[in-house]
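Biologist: Take me through this one label by label. For each, I want the value and the cut-off behind it.

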Amino acid sequence: MKKITASILAALAISSFSFADSIVKGKCEPLPKEALVLVPGNSLITATPEEGRKLAITLAQHTIHNIQPCLNKLKDGRGKYSTNPSDLIQAEQAVAIEFATIAKANNYWRK
């Protein structure tokens, strides 16, 4: 967990510098603003676990978008991580953490 947290913090620190630099140099095709919303609808409440799972995936994607807000750079990297089992497992871990948060916010869909 410490390794993952350190990697995330490093990515956040680097991304803020590289994004500003890329915008200035015209190398970045920015993502649309709706892709940068951290919590769509400003709520974690969903009607069903299926909706919660979809929201978890969206939250994980939007986190990545905020770390790397250049569409062209995201597309360039997709070929590398999309075929690497380790990278895919790490992505699933991020979604699982988001889903656990959403499930807790929804009282695990029990009433």
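Modeller: Start with the disulfide count, which comes to 1. The rule is a pair of cysteine sulfur atoms within 2.5 Å. Two ground rules: this is a predicted model, where local features need pLDDT of at least 70, side-chain atom pairs count only at pLDDT 80 or more, and totals for chains, interfaces and linings use all residues. Residues are numbered from 1 along each chain as its sequence is written, and side-chain values use heavy atoms, with hydrogens and water left out.

Biologist: What makes Cys28 and Cys70 a disulfide?

Modeller: Their sulfur atoms are 2.1 Å apart. That falls within the cut-off, so the pair qualifies. The link joins distant parts of the chain, 42 residues apart. Cys28 sits in the loop between helix 1 (2-25) and helix 2, and Cys70 in the loop between helix 2 and helix 3 (71-81).

Biologist: Why is the disulfide of Cys28 and Cys70 called left-handed?

Modeller: The torsion about the S-S bond is about -115°, so the disulfide is left-handed.

Biologist: How do you know that Cys28 is buried?

Modeller: Buried means under 20% relative accessible area, exposed over 50%, and partly exposed in between (1.4 Å probe, protein chains only). Cys28 has 11%, so it is buried. Cys70, at 1%, also counts as buried.

Biologist: What share of the chain is buried?

Modeller: Buried residues make up 20% of the 111 residues. The accessible surface comes to about 7,900 Å², and 63% of it belongs to carbon and sulfur atoms. Those areas use the Shrake-Rupley method with a 1.4 Å probe; for residues, only the protein chains shown count as cover.

Biologist: How many helices and strands does the chain have?

Modeller: It has 4 helices and 0 strands. Along the sequence the pattern is α-α-α-α. Helices (H or I, at least four residues) and strands (E, at least two) are DSSP runs, numbered from the N terminus.

Biologist: How do you know that the span of helix 4 agrees with its 21 residues?

Modeller: The expected span is 1.5 Å times one less than the number of residues. For helix 4 (residues 85-105) that gives 30 Å, and the end C-alpha atoms are 30 Å apart, which agrees.

Biologist: Which residues of helix 4 are buried?

Modeller: Val95, Ile102 and Ala103.

Biologist: What do the buried residues of helix 4 pack against?

Modeller: Helix 2 (49-67). Contact here means heavy atoms within 4.5 Å.

Biologist: What makes Asn84 a cap for helix 4?

Modeller: A side-chain oxygen of Asn84 lies 2.9 Å from the backbone nitrogen of Ser86, at the N-terminal end of the helix. A polar contact is a pair of N or O atoms within 3.5 Å; within protein, one must be able to donate a hydrogen and the other to accept it, and residues adjacent in sequence count only if both atoms are side-chain atoms. After helix 4 comes Asn107, with a positive phi near 50°.

Biologist: Why is Gly52 called buried?

Modeller: Its relative accessible area is 0%, so Gly52 is buried. Gly52 belongs to helix 2. Leaving out residues up to four places away in sequence, Gly52 touches Thr46, Phe99, Ile102 and Trp109.

Biologist: Are Thr46 and Thr48 buried or partly exposed, and what makes each so?

Modeller: Thr46 has 12%, so it is buried. Thr48 has 30%, so it counts as partly exposed. Thr46 lies in the loop between helix 1 and helix 2, and Thr48 is found in that loop too. The backbone oxygen of Thr48 lies 3.2 Å from a polar atom of the Thr46 side chain. Beyond four places in sequence, the contacts of Thr46 include Leu55, Asn106 and Trp109.

Biologist: Why does His62 count as buried?

Modeller: At 9% relative accessibility, His62 is under the cut-off, so it counts as buried. His62 is in helix 2. Among the residues it touches are Glu34, Leu36 and Pro40.
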